[in-house]
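Then we turn to the charged side chains.

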Amino acid sequence: MTILFLSLVTGSIENATPDFSDSIIFTPGDQADVLVAMNPAALKVNLRNIKKGGLIIANENAFVEGNLVKANLKTNPFLDDTLKDFQVIKVELSELTRN
């Protein structure tokens, strides 16, 4: 299983791709099974890298108007058909990490 972990670090999208498997692991160029998107820009840039039917775990708190505008998204992908081919888990990660 290939998982992409994405975050916005110092103004650019950063990612790491750890591979966990009990079978053959393919190259990082292969499509991922799981995408962890911390913001709309990370989702937009990396959506093409996840397999159809794959799992998207997204930081729901980051999908607000200002971040959608920064990512040049006209609509929230949770509310249109953008993610219809994927399994989606929305998690309030920002809220969960507040003190």
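Begin with β4 and strand β5 (residues 87-91), which pair in the parallel sense over 5 bridges. Two strands count as paired if DSSP finds at least two bridges between them. The names come from DSSP runs: helices are H or I with at least four residues, strands are E with at least two, and numbering starts at the N terminus. This is a predicted model, where local features need pLDDT of at least 70 and side-chain atom pairs count only at pLDDT 80 or more, while totals for chains, interfaces and linings use all residues. Residues are numbered from 1 along each chain as its sequence is written, and side-chain values use heavy atoms, with hydrogens and water left out.

I57 has I89 in β5 as its bridge partner. Now follow the chain between the two strands. β4, helix α2 (residues 65-70) and β5 make a right-handed β-α-β unit. Right-handed has a set meaning: with the strands pointing away from the viewer, the path from the first strand over the helix to the second runs clockwise.

Next, turn to the other partner of β4. Strand β3 (residues 32-37) runs parallel to strand β4 (residues 50-59), and 5 bridges join them. Here V34 stands opposite L55 in β4. A helix belongs to this pair too: β3, helix α1 (residues 40-46) and β4 make a right-handed β-α-β unit.

Now for the charges. Side chains of opposite charge can pair when their charged atoms come close. A salt bridge here is a side-chain nitrogen of Lys or Arg within 4 Å of a carboxyl oxygen of Asp or Glu. By this rule the model has 3 salt bridges.

Which residue does K51 pair with in a salt bridge? The partner is D33, with the closest N and O atoms 3.0 Å apart. K51 sits in strand β4 and D33 in strand β3, so the pair links distant parts of the chain, 18 residues apart. Both are partly exposed, K51 at 35% relative accessibility and D33 at 25%. The scale is simple: buried is under 20% relative accessible area, exposed is over 50%, and partly exposed lies in between (1.4 Å probe, protein chains only).

K52 and D85 also meet in a salt bridge, at 3.5 Å from N to O. K52 lies in strand β4 and D85 in the loop between α2 and β5, so this pair ties together parts 33 residues apart in sequence. K52 is exposed at 63%, whereas D85 is partly exposed at 33%. D85 forms a salt bridge with K84 as well, the closest N and O atoms being 3.6 Å apart. K84 is exposed, at 59% relative accessibility. Together, K52, K84 and D85 are linked in a network of salt bridges.
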